[in-house]
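Hi everyone, thanks for making the time. Have the sequence and the model open on your screens, and let's walk through it together.

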Amino acid sequence: MDIKYDVAITAIGNLAKTFLTNNNSAILLDEGIRPNLSDMVLEHTPGKLEEDIKKGDKLLMGGIKYTIEKVGDAVNENLREEGHCTLVFNAEGSMPGQIIVKGPSLPVLTVGAHITFTKK
């Protein structure tokens with residue numbers, strides 16, 4: 001498995017689970033980088049993006065494997081700078097900071113769980 005990006009969840013904002021349930025989305029952000037957004041995001045350990053994330057790559061999150069269907073134009077730059085993007089699960093999206101993924105269900109969010117992107 002060729003890992004492109006791997007981080008661990010360090011905090012789950014009060015609204016993050018609501019966003020996941022109601023909007024099929026999760027917002028990722030490096031821990032401590034924007035405290036004013038901590039209620040809305042999944043904060044995670046800083047990580048290094050080894051290679052751009054592309055359509056067809058895989059996401060492993062909460063024990064579930066997803067296929068990446070679409071990568072917004074700003075995703076790779078935002079991940080490098082702030083560990084930031086929005087994951088959209090089994091739904092449509094078109095924002096530049098979103099990664100659209102398809103999989104069997106929504107992930108289970110737990111502190112300590114890894115978010116791992118790999119090559120196809």
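Let's start with N76, which is found in helix α2, residues 75–82. Helices here are DSSP runs of H or I with at least four residues, strands are runs of E with at least two, and both are numbered from the N terminus. Before I go further: this is a predicted model, where local features need pLDDT of at least 70 and side-chain atom pairs count only at pLDDT 80 or more, while totals for chains, interfaces and linings use all residues. Residues are numbered from 1 along each chain as its sequence is written, and side-chain values use heavy atoms, with hydrogens and water left out.

Back to N76. Is N76 buried or exposed? At 11% relative accessibility, N76 counts as buried; buried means under 20% relative accessible area, exposed over 50%, and partly exposed in between, with a 1.4 Å probe and protein chains only. If we leave aside neighbours within four places in sequence, N76 is in contact with L49, D52, I53 and V71, where contact means heavy atoms within 4.5 Å. Take I53: the C-alpha atoms of N76 and I53 are separated by 6.6 Å, and the two are 23 residues apart along the chain.

D52 has a salt bridge as well. The side chains of R80 and D52 meet at 2.8 Å, N to O; a salt bridge is a side-chain nitrogen of Lys or Arg within 4 Å of a carboxyl oxygen of Asp or Glu. R80 lies in helix α2 and D52 in the loop between β3 and β4, so this pair ties together parts that are 28 residues apart in sequence. R80 is partly exposed at 45% relative accessibility, and D52 is partly exposed at 31%.

How many salt bridges does the structure hold? The count is six. One of them joins E51 to K4, with the closest N and O atoms 3.8 Å apart. Since E51 lies in the loop between β3 and β4 and K4 in strand β1, that pair ties together parts 47 residues apart in sequence. K4 is buried at 2% relative accessibility, whereas E51 is partly exposed at 29%. K4 and E51 also belong to a network of salt bridges with D57 and K119. Elsewhere, R34 forms a salt bridge with E82, and their closest N and O atoms are 2.9 Å apart. That pair links distant parts of the chain, with R34 in the loop between β2 and β3 and E82 in helix α2, 48 residues apart.

Now let's turn to the sheet. A closed barrel of eight strands runs β1-β3-β2-β6-β7-β5-β4-β8, with mixed pairing; two strands pair if DSSP finds at least two bridges between them. Helix α1, residues 16–23, packs on the sheet and touches β1, β2, β3 and β6.

Have a look at strand β7, residues 98–102. Four of its five residues are buried, so β7 is largely enclosed by the rest of the structure. On one side, β5 (residues 64–71) pairs with β7 in the antiparallel sense over four bridges.

Y5 and F117 form a tilted aromatic pair, 6.3 Å centre to centre with 45° between the planes. For that count, rings of Phe, Tyr and Trp (its six-membered ring) pair if their centres lie within 6.5 Å, with planes under 30 degrees apart called stacked, over 60 edge-to-face and the rest tilted. Y5 is buried at 0%, and F117 is buried at 0% too.

D6 also lies in strand β1, and is partly exposed at 31% relative accessibility. Which side chains does D6 reach? A polar contact of 3.0 Å joins D6 to H114, and another of 2.4 Å joins D6 to T116. A polar contact is a pair of N or O atoms within 3.5 Å; within protein, one must be able to donate a hydrogen and the other to accept it, and residues adjacent in sequence count only if both atoms are side-chain atoms.

How values were computed. Axes fitted to C-alpha atoms, helices over the stretch in contact; angles between N-to-C directions.
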